[in-house]
Amino acid sequence: MATRMGSIRAERPHGSASPNRRYPDGRICSAPGCDARISIYNRNDRCWAHLGLKVPRLRGRKIGS
Ligand SMILES: [Zn+2]
């Protein structure tokens with residue numbers, strides 16, 4: 001008879017290391033003239049529109065295409 005002591009289990013409580021991180025609510029975009037409110041999940045100080053993800057603004061000129 002073999003008695004096993006201390007079987008090793010890989011048990012990790014998830015989310016113990018990094019708690020959900022949120023950012024202060026009610027922040028306003030830092031871009032000049034923009035009053036957009038910034039999501040608490042947005043770690044930047046600018047609204048999504050000013051982060052440069054999508055910039056649909058083309059001034060006058062057509063670039064390439
Ligand atoms: Zn903005």
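## A walk around Cys-29

Strands here are DSSP runs of E with at least two residues, helices are runs of H or I with at least four residues, and both are numbered from the N terminus. Residues themselves are numbered from 1 along each chain as its sequence is written. Keep in mind that this is a predicted model, in which local features need pLDDT of at least 70, side-chain atom pairs count only at pLDDT 80 or more, and totals for chains, interfaces and linings use all residues.

Is Cys-29 buried or exposed? A residue is called buried if 20 or more other C-beta atoms lie within 10 Å of its own, exposed if 12 or fewer do, and partly exposed in between, with C-beta atoms placed from the backbone. Cys-29 is buried because 20 other C-beta atoms lie within 10 Å. Two residues are in contact if their C-beta atoms, placed from the backbone, lie within 7 Å. Setting aside neighbours within four places in sequence, the contacts of Cys-29 include Cys-34, Cys-47 and His-50. Trp-48 is 19 residues away from Cys-29 in sequence, and their C-alpha atoms are 8.9 Å apart in space.

Now step back to Ile-28, which sits in strand E1 (residues 27–28). Ile-28 has 13 C-beta neighbours inside 10 Å, so it counts as partly exposed. Beyond its neighbours within four places in sequence, Ile-28 touches Asp-35, Arg-37 and Ile-38 in the contact sense.

Next comes Asn-20, in the segment before E1. Asn-20 is exposed, because 6 other C-beta atoms lie within 10 Å. The C-alpha atoms of Asn-20 and Tyr-41 are separated by 9.7 Å, and the two residues are 21 apart along the chain.

Finally, let us look at the whole protein chain. How many helices and strands does it have? The count comes to zero helices and two strands. Of the 65 residues in the protein chain, 3% are buried. Among contacts between residues at least 6 apart in sequence, 0% join residues at least 24 apart.
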